[in-house]
Amino acid sequence: MTAISIDGNRRFTGCLRVPGDKSISHRALMIAALGQRPCTIRGLSDGDDVVRTRLAVEALGARVEVAESGEVTVTGGMSGTRKPIDLGNSGTGIRLMAGLVAGFDFTTTLDGDASIRQRPMDRIIAPLTEMGASINGRGDSGSLAPLTIEGRPLRGIEYTLPVASAQVKSAVLLAALRAEGPTTVHEAVPTRAHTEEMLAAAGVRLERGDCSVTVWPGEVDPPDVDVPGDPSQAAFWVVGACTAPDSDLTVENVYLGPARGGFVDVLQRMGADISIDSESGDIRARTSELKGTRVTAQEMPGCIDEVPILAVAAAAAEGTTVFEDVGELRIKETDRVAAVAKMLAVLGAECQVDGDNLAITGVGRAEALGSGTVDSRGDHRMAMAAAIAGAVGNGSMTVEGFEATHTSYPGFARDLDASTGRTP
């Protein structure tokens, strides 16, 4: 396990670019693997999660070429593999891949690391089984990875998501491409719409409502893709610049589509000085005086991944910030509710967990944040949140398990030094 020490009293200035959006990167690779002609993907995320998906589609029969520039060209072709496919720490990878392969006439085994083997897969197993898929997993419930998926003819269904989840929605929509008849997914709260946007761009017949999407089976013709920056990664720098003194930082070319900018809304409501250029995707953040706010359950699907770094903003703010309905965080790479609470204890902020609600009373300014040691528990977002907390605080923060950042942002430490004027 790798530990890193982050000295505080930093200020964030200049411009930087974050890795390509992880959600879009996964989907771009999978949809390209279904096509018949070469598809070039530029700006693909370089995190381990996406590398695992790239290797997975290659193992399944797609031809993948990686240029020195980082451009990836995928020529579709799904023939299957007898070897288990290891998706590492990627919940998105394993869940979407299950939907991708469910309708093909071969058997696929999907596996992951120790964390993935503990995360619930019943949410995708239920709708995919209803469509006719055969999925067998480990454990008494048969819903834990590794998952063995025996390809079968599928039928279209009408399905209402019991829990807001873009991963489950996407697994069903990908399976729907090889089903008989249309498939409709309903959701109580709109989640990120990358899958339906990218399927539509690939020529798939599709209809979208306010909280529903219907997909008809058919071939895909994926266009070339330019992947914009990941807003979830941008959030770390935005919070850093808003909380650290004398800061003015621009994160360039960030994806600003629906259900991904919730963290900006929350921060602006807290008083953050943030401006957005909708044409370029640039987000500019400056030092701000933050005050507590309430993040409702309806908002949570649009900022669930950003809660760890928003918790740092709340810790530096004046007053109390309440996050409603954060239960979904208990089944991420780690129990993020417990992990956030432990981080806040190190920072000196008051934290109360009431069922699925999280209340944080801040210390009023970043310079008053405490320091010490935070264990990432193998969670990339916790590692990066703790690092930002250390950089804006008034001491030295040790982040244990910092190598978890390689899951989504291998260059995070480099960008932290560059944006705060430090030489690695």
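Which helices each supply at least two residues of the lining of the largest pocket? They are H1 (22-34), H3 (91-101), H5 (166-176) and H11 (380-392). Helices are DSSP runs (H or I, at least four residues), numbered from the N terminus. The model is predicted, so local features need pLDDT of at least 70 and side-chain atom pairs pLDDT 80 or more, while totals for chains, interfaces and linings use all residues. Residues are numbered from 1 along each chain as its sequence is written, and side-chain values use heavy atoms, without hydrogens and water.

A pocket is an open set of points on a 1 Å grid over the protein atoms alone, where a 1.4 Å probe fits, with protein on both sides within 12 Å along at least five of seven lines. Lining residues have an atom within 4 Å of a point. The largest pocket holds about 730 Å³ of space. Its lining has 40 residues, and Ala164, Ser165, Ile304, Glu328 and Lys332 are the closest to its centre. H1 gives the largest share, four residues.

Helix H2 (residues 48-59) supplies the largest share, three residues.

Helix H7 (residues 231-243) reaches 18 Å from its first C-alpha to its last, close to the 18 Å expected at 1.5 Å a residue; the expected span is 1.5 Å times one less than the number of residues. In H7, 13 of 13 residues are buried (under 20% relative accessible area, 1.4 Å probe, protein chains only).

Notes: Points joined across faces, edges and corners; volume = space filled by probe spheres on them. Buried < 20%, exposed > 50% of the residue type's maximum accessible area, 1.4 Å probe, protein only.
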